[in-house]
Amino acid sequence: MVPPAFPMNSWRIITGEYAPQQGGVADYVANLARALAEAGDRVEVHVPGPWEGRVEGGVTVRVLPDRFGPRSAAALLVLQRLAPALQLLQHSPFSYGARGLNVLFPRLFRALPGPRVVMFHEVAYPREPGQLLRHALLAHAQRDMARALLDGASAACVSTRAWTPILRELGWKRDVTELPIPSNLLPPPDLPVRAVLRAGLGLPADAPLLGHFGTYGPAVAEPLRAAVPALLAATARHLVLLGRGARDFLAQLAVAHPRLSVRLHAPPVDAGSAVSRVLCACDVLVQPYVDGVTTRRTSFMAGPAHGVSTCTNRGPLTEAGWEQLPGVRLARDASAGALAQVVDEALAADPAADGHAAAAVYAARFSMDHAVSRLRALASGLGGRP
């Protein structure tokens with residue numbers, strides 16, 4: 001048997017974003033690197049500045065000398081020759097700089113020796129009839145970037161199976177590994193009972209409490225804004241908003257719907273554990289997405305991870321199978337009436353039991369432990385030791 005070209009327990013993660021930067025990919029890579037290190041693997045993360053390199057939680061963070069240019073490729077080449085490792089690139093085309101048009105780096109990356117795995121958080125800007133010339137250029141160039149990365153790659157992973165058909169169009173004929181993005185938040189082990197959490201928010205213990213967790217970008221904020229009157233049509237209900245931008249969004253809602261303002265809440269909690277406590281106080285989370293729920297939505301994954309019944313909606317990117325998941329209810333679309341209907345159904349059922357069932361499915365299919373297990377199996381198949 002030919003010896004492996006790299007030790008299975010050695011990872012070189014290359015990413016454009018990494019905590020303490022804000023963003024879903026930054027948090028995901030930091031959590032993944034930490035989980036691999038906790039599993040006993042050697043982990044390096046390579047990311048552009050501005051901070052200095054460091055070692056924390058068993059993870060070595062190295063700063064690339066430029067933003068995915070020739071100097072970065074040269075540094076990775078030297079390190080790969082000195083200490084071979086499985087190279088795991090976190091692909092999000094805008095994270096390479098050059099306004100999403102860095103067509104050079106994918107070609108430099110494919111020239112690196114050793115196994116190369118590409119994790120596609122996104123593939124390319126969408127193609128649409130009649131789109132602006134700049135958008136058409138992005139769509140074309142970013143497909144070219146993805147094709148170059150796939151050329152000679154050892155394996156391809158996707159954050160949602162919605163990306164798989166695009167990889168097929170670009171010529172990838174081998175298996176695609178699905179790696180759902182886990183929640184960036186996990187409930188603290190010492191979580192008090194729900195009544196105590198409700199009291200901390202100044203709410204009656206029996207008030208139906210809806211929640212939303214996210215960053216309130218337009219694609220989520222607009223359907224949520226439109227749905228609020230229908231969601232709170234029952235006068236006993238309250239809605240708590242969590243995440244970056246929650247208090248600004250609350251202020252907008254209070255101006256638009258002054259009669260509802262006493263039932264709208266955005267507690268000043270920013271630390272992950274504090275947000276988790278409020279999430280666990282909710283009966284049902286409402287998580288609309290214009291393009292539909294997918295396994296790359298970390299804000300959605302927070303509900304199942306915390307054992308909270310979650311309502312969302314179908315859309316053009318939604319994968320098959322969500323209807324069968326306990327504790328998850330899908331509206332036909334992100335319209336106010338459709339969202340209100342599934343929320344009514346969730347509250348009329350047993351949301352606590354639904355949430356408990358959702359947590360079990362999350363642990364088995366979407367958690368970070370699941371992601372680490374799949375990655376290590378992939379590494380073993382590429383020539384490492386089990």
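Predicted model: local features only at pLDDT ≥ 70, side-chain atom pairs only at ≥ 80, totals over all residues.
S9 belongs to an open sheet of six strands, ordered S11-S10-S9-S12-S13-S14 and paired in the parallel sense. With strand S10 (residues 238–242), S9 runs parallel and is joined by five bridges, whereas the parallel pairing of S9 (residues 209–213) with strand S12 (residues 284–286) extends over two bridges. Gly211 takes part on both sides: its bridge partner in S10 is Val240, and in S12 it stands opposite Leu285.

Helix H10 (residues 298–305) packs on this sheet, where it touches S9, S12, strand S13 (309–313) and S14, and its direction makes about 150° with that of S13. H10 also packs against helix H12 (residues 351–365), at an angle of about 120° and with the two axes 7 Å apart. Since angles of 65 to 115 degrees count as roughly perpendicular and only those over 145 as roughly antiparallel, H10 is therefore oblique to H12. Met301, Pro304 and Ala305 of H10 and Ala358, Ala359 and Tyr362 of H12 make the contact, and its residues divide into six nonpolar, no polar and no charged.

The largest nonpolar core comprises 32 residues, and those with the most contacts inside it are Trp11, Ile13, Tyr18, Leu32, Val43, Val59 and Leu88. Two or more residues are given to this core by each of several elements, namely strand S1 (10–14), helix H1 (24–38), strand S2 (42–47), strand S4 (59–63), strand S5 (86–91), strand S6 (116–120), strand S7 (155–158) and helix H13 (368–381). H1 provides the largest share, with nine residues. When neighbours within four places in sequence are left aside, Tyr18 is in contact with Ala26, Val29, Ala30, Ala33, Val45, Val47, Trp51, Arg54, Val59 and Val61. A second, separate core contains 27 residues, including Leu232, Leu253, Val286 and Ala346. In soluble globular proteins, nonpolar side chains tend to be buried together.

Conventions: Residues numbered from 1 in each chain as written. Heavy atoms only, no water. Core = buried A, V, L, I, M, F, W, Y, C linked by side-chain atoms within 4.5 Å. Buried < 20%, exposed > 50% of the residue type's maximum accessible area, 1.4 Å probe, protein only. Helix = DSSP H or I, 4+ residues; strand = E, 2+ residues; numbered from the N terminus. Contact = heavy atoms within 4.5 Å. Pairing = 2+ DSSP bridges. Axes fitted to C-alpha atoms, helices over the stretch in contact; angles between N-to-C directions. Parallel < 35°, antiparallel > 145°, perpendicular 65-115°, else oblique. Nonpolar A, V, L, I, M, F, W, Y, C, P; charged D, E, K, R; others polar.
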